[in-house]
Amino acid sequence: MRMFQLDPRLQLCADLVRPGAKLADIGTDHAYLPVWLVAKGICPHAIAVDVREGPLERARENVIRYDMKEKIRLSLSSGLTALGPEDVDDIVIAGMGGELMADIIHQAPWVQDGKKHLILQPMTTAKELRLWLRENGFALLREECVRSEGKIYSVMLAVFDPKQAQKLTGELYPYVGLLTGKTEEEREYIQKVMQRLQKKLQGCLHRQDEAGAEELRCLLLELGKLAEIKTEES
Ligand SMILES: C[S@@+](CC[C@H](N)C(=O)[O-])C[C@H]1O[C@@H](n2cnc3c(N)ncnc32)[C@H](O)[C@@H]1O
């Protein structure tokens, strides 16, 4: 069976997985990510987890289609609850909300060993996820943006490192994490964040919340610089 290509979003997640890592893909659905990583020889084996029967069935079909039964274990379970520290090195959680991801990580204290890599691609509430990670001792090592099927996504690589997490103090951190506007995709992501904050600013002005409005104006100014300066450089 000829191997498929990952879409750019899942490809960026795959690029952040360490060669040789034991992989867990949480919320695997179709299992494209573990199938691809194992087929390419990047991961020796993987565990594909989904909490729902339908998606796990899709995963099973692909595991069989690509002859991966010996190398990919399927688990009908929630988050990381059925796994232990010995099962995985790198954990991918992609395609779900940031708050659900935080909940999943919270339920598995064993990931707090400074060695497990978490590769996270939130669909929503990225700000809440970044704040939760920092408050719970997880530092971002990398963050990158990618365009996939016309949408922009951010992918983060996090590891438990409380000292490093405390250093993520900038006021922009919750909004853009490690993104600096160095690529067109990053600038587009920052602009989307700005659009959301603009709406909040309108709300503050409507409510005559001057303090809230001033805070948002400052944030928008800083975010604007980030996007603008890099645009001029490029
Ligand atoms: C939109 S799909 C994402 C599939 C794939 N990870 C991707 O990014 O293309 C989200 C999947 O997460 C699963 N899911 C939601 N909550 C989960 C949980 N607590 N544990 C495991 N899987 C979960 C859903 O059943 C669904 O199949």
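Which element gives the most to the shell around the ligand? In this predicted model, where local features need pLDDT of at least 70, side-chain atom pairs count only at pLDDT 80 or more, and totals for chains, interfaces and linings use all residues, the answer is β4, with three residues. Residues are numbered from 1 along each chain as its sequence is written.

The shell around the ligand holds 17 residues, of which Gly27, Asp29, Pro55, Ala94 and Gly95 come nearest; a residue is near a molecule if its C-beta atom, placed from the backbone, lies within 6 Å of it. Two or more residues of this shell come from each of β2 (46–50), β4 (90–96) and α4 (98–106). Such elements are DSSP runs numbered from the N terminus, with helices (H or I) of at least four residues and strands (E) of at least two. By class, nine residues of the shell are nonpolar, five are polar and three are charged. In this scheme Ala, Val, Leu, Ile, Met, Phe, Trp, Tyr, Cys and Pro count as nonpolar, Asp, Glu, Lys and Arg as charged, and the others, Gly among them, as polar.

The protein chain is assigned a domain 1 (8–168) and a domain 2 (184–233), with bounds from an automatic or database domain assignment. Their C-alpha centres lie 30 Å apart. Five residues from domain 1 and five residues from domain 2 form the contact, which requires C-beta atoms, placed from the backbone, within 7 Å. On the domain 1 side, β6 (138–148) and β7 (151–160) are the elements that give two or more residues, and β6 gives the most, with three. That side has three nonpolar, one polar and one charged residues.

How values were computed:
Two residues are in contact if their C-beta atoms, placed from the backbone, lie within 7 Å.
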